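Please read it alongside the sequence and the structure.

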Amino acid sequence: MRLCSRRAFSGGSEIVGEIWAFSENVELLHELLSGAEELSKKLGASSAAVLVGDGVREVAEELGRYGADKVYVVDDPAFSAFSPEAYAEAIAQLAKQFEPSAILVGATKRGKELAPRLAARLDAGCATDCVRLEIDEGGRLVVTRWALGGNIAAEEVFLKKPWVATIPLRVFEKRVFEEKKCEVVESKVSVEKPKAVVVESKKKEAGAPLELARVIVSAGAGVKNREDLKMLEELAQLLDGQVGCSRPLSADYGWFPEWIGLSGKKVKPDAYIACGISGQIQHIAGMRDSKVVIAINSDPNAPIFKVCDYGVVGDLYQVVPALIELLKKRKK
Ligand SMILES: Cc1cc2nc3c(=O)[nH]c(=O)nc-3n(C[C@H](O)[C@H](O)[C@H](O)COP(=O)(O)OP(=O)(O)OC[C@H]3O[C@@H](n4cnc5c(N)ncnc54)[C@H](O)[C@@H]3O)c2cc1C
């Protein structure tokens, strides 16, 4: 099913401005720059990164390697702590001055706080969690997002610039442009002190982000006890991967800090091994772009078998130890 919702904002400019990329997540910024480079080529424009923070100037030059023609830098101690209001205001001031066509924002927690505030300041549209971005014949940005609980892919067309869109990890492939150099534009902005202040910050105890894992062994409610997760961890370790889970194991049992799915993390690994996951649409919405999906489920009618590449109808308590044994033998 194709749903097309058109956002009508009048007064668009015909000038093709740059395609900007912003994210505090370096990996995601590199991916967005690859996307910005791709889109800007289609438009006959150029790509640019935006850096806001304290001490960010020193990393500006290296962004050319990832596709930036230009890097706008706001390096000021006032931006040492992230504030969605202050950062949005800073980027909005730059955008009013340099008039980009698009601002691609990393769909991290911070990016999702920032993007709508930025769009509101620019009287622009904002599309969140875009999984595909294209330019139509009219030179407008068309984005695809999952909608209605992950059941449909909705296409949305921007009718007015600038286009503000948030994009999760793994939508674009990071590319390296060995010889590319970028122009650095140092800018000053004037931003009011944010109303909300950071009183204390604590480092989150967490491993590498799940979105970056090349292999994910994912636990579902078919896993009966918390101790049984050790077996999935062992399998993940043998495959150089990480363990993820469906929502009940996190939201209901509290075994994991986060889950995969529509209301959780969106992942796109090379291999996704679903262990005891039924495959409800809300879960599928978070992992459907995985390159290869392997499902282990004792119920032959489980919906996960409709979306997997390889399916094992069986008891995960037998299949997972057998896989571990096999992989251990191979590693010897
Ligand atoms: C608004 C909303 C948002 C949601 N967002 C998310 C989301 O982001 N992510 C998410 O995951 N869910 C989400 N859900 C919940 C979702 O609808 C499902 O309830 C959830 O995904 C089910 O998780 P599960 O597959 O692990 O559990 P179940 O549906 O209970 O499935 C367990 C599976 O394990 C199998 N099984 C049992 N024992 C074994 C065994 N020994 N060996 C092998 N297989 C076995 C069973 O056959 C069954 O298929 C959301 C729901 C709503 C309403």
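Eight residues of domain 1 are in contact with nine residues of domain 2, where contact requires C-beta atoms, placed from the backbone, to lie within 7 Å of each other. On the side of domain 1 that touches domain 2, three residues are nonpolar, three are polar and two are charged; here Ala, Val, Leu, Ile, Met, Phe, Trp, Tyr, Cys and Pro count as nonpolar, Asp, Glu, Lys and Arg as charged, and the others, Gly among them, as polar. Domain 1 covers residues 2-186 and domain 2 covers 210-331, with bounds that come from an automatic or database domain assignment. The C-alpha centres of the two domains lie 32 Å apart.

This is a predicted model, in which local features need pLDDT of at least 70 and side-chain atom pairs count only at pLDDT 80 or more, whereas totals for chains, interfaces and linings use all residues. Residues are numbered from 1 along each chain as its sequence is written.

Around the ligand there are 27 residues, the closest being Gly-220, Gly-222, Arg-247, Gly-261 and Ser-278; a residue is counted if its C-beta atom, placed from the backbone, lies within 6 Å of the molecule. The elements that give two or more residues to this shell are α5 (247-252), α6 (281-287), β15 (292-297) and α8 (316-331), with helices (H or I, at least four residues) and strands (E, at least two) taken as DSSP runs numbered from the N terminus. The largest contribution is that of α6, with three residues. By class, the shell is made up of 10 nonpolar, 14 polar and three charged residues.

Two helix pairs are compared below by their axes, which are lines fitted to C-alpha atoms over the stretch in contact, with angles running from 0 to 180 degrees between N-to-C directions.

| Helix pair | Axes come within | Crossing angle |
|---|---|---|
| α4 (229-238) and α8 | 10 Å | roughly 30° |
| α2 (84-98) and α3 (109-121) | 8 Å | roughly 45° |

The angle between α4 and α8 makes these helices roughly parallel, while α2 and α3 are oblique to each other; angles under 35 degrees count as roughly parallel, over 145 as roughly antiparallel, 65 to 115 as roughly perpendicular and the rest as oblique. The crossing of α4 and α8 is left-handed, and that of α2 and α3 is right-handed, the former term applying if the near helix is turned anticlockwise from the far one by less than a right angle, and the latter if clockwise.

In the second, the residues involved include Tyr-87 and Ile-91 of α2 and Leu-114 and Leu-118 of α3, and the contact has seven nonpolar, no polar and five charged residues.

Two backbone details remain. The peptide bond from Lys-161 to Pro-162 is cis, with omega near 0°, and Pro-162 lies in the loop between β9 (152-158) and β10 (163-167). Glu-99, in the loop between α2 and β5 (102-106), has phi near 50°, a positive value in a residue other than glycine.

Technical notes
Two residues are in contact if their C-beta atoms, placed from the backbone, lie within 7 Å.
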